[in-house]
Amino acid sequence: MSNSLLLANQVNAVVYLIPLLAVISLVYNATRYEIPQVIIQRSIRFFFTAIIIMGGLMTVLALLSWNL
C-alpha cells in the first residue's frame, strides 16, 4: 500500500475522534457540574488536554513503529 493511502486512512480516523471527544467532554462535565458556564469552561479544558495527550501518544506510537 502506498504511503499516501496509509496517511489518508489515518487522517480519516482522526477526523472522527475530534467531534467524539467534544461530546464526551461535554457529557462528562455536565454530569459533574450544574452551572452552564463551568460546564463549558471545564469541557474546553478537558477537550484540549485530551487532544494533547492523544497527540503525544500517537507520536510515541508512530516513533516506536517507524521501521516495522
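Predicted model: local features only at pLDDT ≥ 70, side-chain atom pairs only at ≥ 80, totals over all residues.
Residues are numbered from 1 along each chain as its sequence is written, and side-chain values use heavy atoms, with hydrogens and water left out.

Next I looked up aromatic pairs and found two in the structure. In one of them, Phe47 and Phe48 sit edge-to-face, 5.3 Å centre to centre with 75 degrees between the planes; rings of Phe, Tyr and Trp (its six-membered ring) pair if their centres lie within 6.5 Å, and planes under 30 degrees apart count as stacked, over 60 as edge-to-face and the rest as tilted.

I then turned to Phe46, which lies in helix α2; helices are DSSP runs (H or I, at least four residues), numbered from the N terminus. Phe46 counts as partly exposed, at 32% relative accessibility.

Last, I checked the unreviewed UniProt entry, whose annotation "transmembrane region" covers residues 13-31 and 43-66; its positions follow the numbering used here, feature names are shortened, and annotations may be inferred rather than shown by experiment. I found residues 13-31 to be 100% helix and 0% strand, with the end C-alpha atoms 27 Å apart, whereas residues 43-66 are 92% helix and 0% strand, with the end C-alpha atoms 34 Å apart; strands are DSSP runs (E, at least two residues).

Note on methods. Buried < 20%, exposed > 50% of the residue type's maximum accessible area, 1.4 Å probe, protein only.
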